[in-house]
Amino acid sequence: MSIKFRYAALAVVLIGGAAFACKCFEFTHASVVMATPTMGAAYVSLVSEKDDTLTSLSSDCCDAVELHTTTNENGVMKMRKVDKLDLKAGVPVEIMGEGKGDALHLMLIGVKHAYKPGQNISITFHFAKESPHKTRFKVVTRAAKMHADAAGADAMGGMDMGHDAAMPGMH
Ligand SMILES: [Cu+2]
């Protein structure tokens with residue numbers, strides 16, 4: 001095989017890869033709340049273009065990233081690992097923690113760096129069909145996450161009167 005031919009073959013592989021790449025997934029509200037310096041929870045809303053299955057997660061940030069669900073067992077909140085999550089085409093999956101859907105979250109285990117609010121963590125999502133997708137999560141305070149959750153609820157149900165009343169500069 002000549003060197004020229006080899007480069008041509010490589011070019012076909014690269015162009016072919018680009019032509020078949022799709023956007024495939026939409027990630028919104030991606031945030032991380034650190035619980036301790038070495039453990040955190042990540043939240044995101046995920047939509048897949050096609051039927052697929054989320055099979056695992058990975059990140060340089062930590063020893064492991066796991067999908068968890070929180071269940072109430074006789075008044076005791078327990079977290080369980082979820083091995084895979086089916087995604088239906090066009091249907092958003094809320095990995096948004098307690099009080100939303102199945103109370104799913106991504107658990108960051110063995111975090112290797114003391115992340116502060118405003119910094120970013122990249123997490124790669126692995127799927128049964130589509131190639132892996134990396135998305136960026138912003139580290140926020142617990143208060144900021146709760147505020148964002150409340151704002152989302154208000155957007156569906158009306159105005160947040162408490163905030164309007166407290167706003168300075170209104171005469
Ligand atoms: Cu957890």
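**Ile121 and the strands around it**

Trainee: Where is Ile121 found?

Mentor: Ile121 sits in strand β9. Keep in mind that the model is predicted.

Trainee: Is Ile121 buried or exposed?

Mentor: Ile121 counts as buried, because it has 24 C-beta neighbours inside 10 Å and the cut-off for buried is 20 or more.

Trainee: Which residues is Ile121 in contact with, leaving aside neighbours within four places in sequence?

Mentor: Val32, Ser59, Cys61, Tyr115, Phe137 and Val139. Take Val32: Ile121 and Val32 are 89 residues apart in sequence, yet their C-alpha atoms are 7.9 Å apart in space.

Trainee: What about contacts across the whole chain, how many of them link residues 24 or more positions apart?

Mentor: Of the contacts with a separation of 6 or more, 64% are between residues 24 or more positions apart.

Trainee: OK, back to β9. How does β9 pair with β10, parallel or antiparallel?

Mentor: Antiparallel, over six bridges. One example is Phe125, whose bridge partner in β10 is His133. The two strands are joined as a hairpin through five residues.

Trainee: And which sense do β1 and β10 pair in, parallel or antiparallel?

Mentor: Parallel, with three bridges; β10 covers residues 133-140. Within that pairing, Ser31 has Lys138 as its bridge partner in β10.

Trainee: Why is Gln119 classed as partly exposed?

Mentor: Because 14 other C-beta atoms lie within 10 Å of Gln119, and partly exposed falls between the limits of 12 or fewer for exposed and 20 or more for buried.

Trainee: Switching to the core. Which residues touch the most other members of the largest nonpolar core?

Mentor: That core has 26 residues, and the ones touching the most other members are Val32, Ala42, Ile95, Leu106, Leu108 and Ile123. At least two core residues each come from β1 (25-36), β2 (39-48), β4 (62-73), β8 (104-111) and β9 (120-127).

Trainee: Which strand gives the most to this core?

Mentor: β2, with five residues.

Trainee: Pick Leu106. What does Leu106 touch, not counting residues up to four places away in sequence?

Mentor: Leu106 touches Ala41, Ala42, Leu57, Val65, Leu67, Ile95 and Ile123. Among these, Ala42, Ile95 and Ile123 are also on the list of core residues that touch the most other members.

Trainee: How many bridges join β4 to β8?

Mentor: Seven, and the two strands run antiparallel. Thr69, for instance, has Leu104 as its bridge partner in β8.

Trainee: And how many bridges join β4 to β5?

Mentor: Six, again with an antiparallel run; β5 is residues 76-81. Thr70 is bridged to Met79 in β5.

Trainee: Is Asn74 buried or exposed?

Mentor: Exposed, because Asn74 has 5 other C-beta atoms within 10 Å, where the limit for exposed is 12 or fewer.

Trainee: Zooming out, how many helices and strands does the chain have?

Mentor: Three helices and 10 strands. From the N terminus on, the order is α-β-β-β-β-β-β-β-β-β-β-α-α. The chain has 171 residues, and 18% of them are buried.

Trainee: What is the mean pLDDT?

Mentor: The mean is 82, and 77% of the residues reach 70 or more.

Trainee: Where does pLDDT stay under 50?

Mentor: One stretch is residues 10-17, with zero contacts beyond four places in sequence. Another is residues 155-171, with three such contacts.

Trainee: What should I do with coordinates where pLDDT is low?

Mentor: They should not be read in detail.

Notes. Residues are numbered from 1 along each chain as its sequence is written. This is a predicted model: local features need pLDDT of at least 70, side-chain atom pairs count only at pLDDT 80 or more; totals for chains, interfaces and linings use all residues. A nonpolar core is a set of buried Ala, Val, Leu, Ile, Met, Phe, Trp, Tyr and Cys residues joined through C-beta atoms within 7 Å. Helices (H or I, at least four residues) and strands (E, at least two) are DSSP runs, numbered from the N terminus. Two residues are in contact if their C-beta atoms, placed from the backbone, lie within 7 Å. Two strands pair if DSSP finds at least two bridges between them. pLDDT is the predictor's confidence in each residue, from 0 to 100.
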